[in-house]
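Here is a short briefing on a protein structure. Please read the points below with the model open beside them.

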Amino acid sequence: MSAATGVIKDLEERGHGAFVENVDDDRMVINMGPVHPATHGVLRLLLELDGETVISCEPIIGYLHTGMEKECEDQNWRSAVTIVTRMDYLAPFFNEQAYSLAVESLLGVEVPPRGKYIRTLMAELNRLSSHFVWFGTQALDMGAMSGMFYGFREREVVLDFFEMVTGLRMNHNYIIPGGVWEDLPAEWEPVCRRIAEIVPNRIDEYEELLSRNPIYLERTRGVGVLSSSDAGALGATGPMARAAGVDWDLRRDVAYDAYGDLDFDVPLRTDGDVYARYEVRMAEMRESIRLIRQLIDGMPSGDYKNMDTKLTPPPRSELNRSMEAVIHHFKLVTQGYTVPAGEVYRAVESPRGELGVYAVSDGGTSPYRLRVRDPSFVNLQCLPVMTLGGLVADLIAAIASIDPVMGGVDR
Amino acid sequence: MTGWIESDRWAERARELRDEGWMLMDLCGLDRSGLGRSVVNAGGAGTAGAGFRNAEGTGGLYGPRFEVVVQLLHALKKERMTLHVNAAGDPPTVPSVVEVWPTANFLEREAFDMFGIQFEGHPHLTRILMPDDWEGHPLRKDYGVGKVPVEFISQPLMQIDSPGQSPETVAAERSVDELGQSGPPLRTVEEG
């Protein structure tokens, strides 16, 4: 708490940009970003430096703001999925999943078991692909360029599977309120098993590259430390919090979708530095593989989405025979379904932490208010606490370990 | 659990909640102008909404157009709580809880940016997502998505359809609508 309130005092006294005038000879004000290879997107940092030491650091965001929450208010409940999926673009399935869980809560509908398993499978694969990007970019930021190639090589394998299932590599629009849009293709199982077979070996390679690498250890151990009390006060979740010793994982502690049936561990470290976050994410990837194996083995048969015709258009074959089916189809395509008035907050454990959706319905066919609590947005506030008094090079390591996705930060 | 609270009690209540172990997970604005004189009444975060409760049933708690909706989490008890803080006045004003939960810093700035809700005591209440010189608060219900002026409208093209036509007559025949789209005048259905 102490460090966090220190930062706030800092802001209170100077405000952003205002202190530029008071700079003396030793101090330098530098804008890092918004276009900078190490800021992971259009993040701008207003830095005050004393030589190489960071005296103050203020993240300035909004360069990727496209008003998605407002846009959702003009879509119907089904088509708003196409917008939320574009928020955190490295973890599209989690956006869709959180949104769908919220809408299902308002509707009071159940997802059939196969739908739940498919969702969970896609989410865990997505956690892998997101962590691969994190691995690649953070390795690159620390100067290990080959890490970038490795991370993106494995990510490609997972994205190919996503393309096979959903038709798209990103922004899938696949998880919808009531289940998933399409069933898995016939040849999904061997491909999935192959991924579960390849990836652990590749993670071994990653660890060979970095885990005992003296340069990497020097750059990450004791760097960008976030204590567990600071993590709690600043609302940090996900690997950020778990690396600081906060034992909290929504998959285990709230158990949405199929997670209640599955057996897995939540990796935990207590150092709270960049290296601890590295270890947590590496261990999470291995846990994801464990989950994926269980999901393949336990995949139930049956419906993959709720077949209530008030929610899901009837199968095309019925349109030729049943007037009812034509009416339902027409109503759902032109108008969409209505959602009972009320409000709900549902959260999922995204690769970056708690991704929450707060939805308000006025009983109509489109969201009255849709709010997405993106973990990157909240976690980014930890950056000043983690970096003050450190070197600029440590700042780079700290940004990489937060793993912010600006699409999610700015929405 | 869902609760409503008046803004003058919010700062004090927030301290109590923090001391009881509640963490601030989310804080956002809500413009209730389209919801009429009723209160969103959910059975609690994470459960199905139970519909709207009438203003009469709230014991006079219901009032202003804007609310700040707060999501709290108690990790030990594994419970969530949704709190609605009434933001009365013009501009709508609510005490800031940055001192209580530092994570409210960005969240309150976003609610200010999107709804124009003032957070009294916030150390640095400026726009966070929109540009600093932006006018209006985009997530308010009276801020339409279609109200942004269209820039760089193309000028109508002069096109000659058949040989021998002069540009002047072509220009006279063609109408230009307000969006700058050029084209032949809309044909009306001929009678007979």
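Chain A has 411 residues, and 60% of them count as buried. The model is predicted.

**Chain A**

- The secondary structure of chain A consists of 18 helices and eight strands.
- Taking the contacts in chain A between residues at least 6 apart in sequence, 71% join residues at least 24 apart.
- Chain A has an accessible surface of about 14800 Å². Carbon and sulfur atoms account for 51% of that surface.

**Interface between chains A and B**

- The size of an interface is often given as the accessible area lost when the parts come together.
- Between chain B and chain A, the buried area is about 4300 Å². Carbon and sulfur atoms supply 61% of this buried area.
- On the chain B side, the residues that lose the most area to chain A are P102(B), F106(B) and L129(B). Together these three make up 15% of what that side buries.
- Counted by contacts, 56 residues of chain B touch 48 residues of chain A.

**The largest pocket**

- Rolling a probe the size of a water molecule over the atoms shows where empty space is left.
- The largest pocket has a volume of about 570 Å³. Its lining has 34 residues, and those closest to the centre are G62(A), H65(A), L129(B), M130(B) and P131(B).
- Sorted by class, the lining of the largest pocket has 17 nonpolar, eleven charged and six polar residues.

**Cavities**

- The structure holds four cavities of 30 Å³ or more.
- The second largest cavity contains about 50 Å³ of space.
- This second largest cavity has 13 lining residues, and Y89(A), L90(A), S129(A), R155(A) and L159(A) lie nearest its centre.
- Two helices of chain A, α5 (113-141) and α6 (145-166), each supply at least two residues of the lining of the second largest cavity. With four residues, α5(A) gives the most.
- The lining of the second largest cavity has seven nonpolar, four polar and two charged residues.

Methods: Residues numbered from 1 in each chain as written. Chains lettered and ligands numbered in written order. Predicted model: local features only at pLDDT ≥ 70, side-chain atom pairs only at ≥ 80, totals over all residues. Heavy atoms only, no water. 1 Å grid on protein atoms, 1.4 Å probe; cavity = no way out; pocket = protein on both sides within 12 Å on 5 of 7 lines; lining within 4 Å. Points joined across faces, edges and corners; volume = space filled by probe spheres on them. Nonpolar A, V, L, I, M, F, W, Y, C, P; charged D, E, K, R; others polar. Buried < 20%, exposed > 50% of the residue type's maximum accessible area, 1.4 Å probe, protein only. Contact = heavy atoms within 4.5 Å. Areas by Shrake-Rupley, 256 points an atom, 1.4 Å probe, with all protein chains shown as cover. Buried area = accessible area lost by both parts, 1.4 Å probe.
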